[in-house]
Amino acid sequence: MRILVCASCRAAGADPDAPRPGAVLAAGLAQALDTACEASVTVETVECLSVCKRPCTVALAGEGRWTYVYGDLDPKDGVETLLTFARQYRDTHDGIVPWRERADAIRKGVVARIPPIAIASPT
């Protein structure tokens with residue numbers, strides 16, 4: 001399973017030279033996953049998820065699972081919230097975590113839910 005983190009957006013009015021919120025979140029996630037030795041989850045930064053008005057946006061994706069996009073995550077406090085949700089997501093067969101089991105930041109931050117996409121091999 002993959003966590004894709006937008007590393008290009010910045011909060012409105014933020015110092016243009018300050019680290020981008022997504023880069024801070026991605027670094028925290030990578031460190032936490034390394035410490036926990038969780039090889040089943042990878043973190044990747046991407047240049048844009050096109051949710052610029054909701055900086056600190058991530059997507060969770062897994063083979064044969066629904067993909068979720070979340071915005072407005074806290075770059076520091078969001079690490080544990082997102083890892084908890086990632087574990088819940090991983091432990092489902094289709095990626096659908098019951099609404100009531102999700103943290104408030106996950107419930108409020110949802111941008112999109114995309115169904116599993118099967119890509120046919122070229123023949």
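1. Cys48 comes out as partly exposed, because its relative accessibility is 42% (buried is under 20% relative accessible area, exposed is over 50%, and partly exposed is in between, with a 1.4 Å probe and protein chains only). Cys48 sits in the loop between S2 and S3. Leaving out residues up to four places away in sequence, Cys48 touches Cys6 and Ser8, where contact means heavy atoms within 4.5 Å. Cys48 and Val5 are 43 residues apart in sequence, yet 8.5 Å apart in space, C-alpha to C-alpha.

2. A word on what we're looking at. This is a predicted model, so local features need pLDDT of at least 70 and side-chain atom pairs count only at pLDDT 80 or more, while totals for chains, interfaces and linings use all residues. Residues are numbered from 1 along each chain as its sequence is written, and side-chain values use heavy atoms, with hydrogens and water left out.

3. On the overall layout, the protein chain has 3 helices and 5 strands. Going along the sequence, the pattern reads β-α-β-β-β-α-α-β. Helices (H or I, at least four residues) and strands (E, at least two) are DSSP runs, numbered from the N terminus.

4. How does the radius of gyration fit a compact globule? With 123 residues, such a globule would have a radius near 14 Å, and the protein chain has 14 Å, so the two agree. The radius is taken over C-alpha atoms, and the globule rule is 2.2 Å times the number of residues to the power 0.38. The C-alpha atoms fill a box of roughly 45 × 35 × 30 Å along the principal axes. Among contacts between residues at least 6 apart in sequence, 65% join residues at least 24 apart.

5. Now the core. The largest nonpolar core has 22 residues, and Ile3, Leu25, Val58, Leu60 and Leu82 touch the most other members. Strand S1 (2-6), helix H1 (21-36), strand S3 (58-61), strand S4 (67-70) and helix H2 (78-90) each supply at least two residues of this core, with the largest share, 6 residues, coming from H2. A nonpolar core here is a set of buried Ala, Val, Leu, Ile, Met, Phe, Trp, Tyr and Cys residues joined through side-chain atoms within 4.5 Å.

6. Leu25 deserves a look of its own. Setting aside neighbours within four places in sequence, Leu25 is in contact with Val5, Cys56, Val58, Leu73, Asp74, Pro75, Gly78, Val79 and Leu82.

7. Thr67 is in strand S4 and counts as buried because its relative accessibility is 19%. Beyond neighbours within four places in sequence, Thr67 is in contact with Leu60, Ala61, Tyr89, Ala112, Arg113 and Ile114. Thr67 and Pro115 are 48 residues apart in sequence but 6.5 Å apart in space, C-alpha to C-alpha.

8. Two backbone spots to check on screen. Most residues other than glycine have a negative phi. Ser50, though not a glycine, has a positive phi of about 60°; Ser50 lies in the loop between strand S2 (42-46) and S3 and counts as exposed because its relative accessibility is 64%. Asp72 is not a glycine either, and has a positive phi of about 65°. Asp72 lies in the loop between S4 and H2 and is partly exposed, with a relative accessible area of 45%.

9. Last, the surface. Buried residues make up 37% of the 123 residues in the protein chain. The chain exposes about 7,200 Å², with carbon and sulfur atoms supplying 54% of it; areas come from the Shrake-Rupley method with a 1.4 Å probe. There are 14 positive and 15 negative side chains, and the centres of the two sets lie 6 Å apart. Lys and Arg count as positive and Asp and Glu as negative, leaving out His and the chain ends; each charge is placed at NZ of Lys, CZ of Arg, CG of Asp or CD of Glu.
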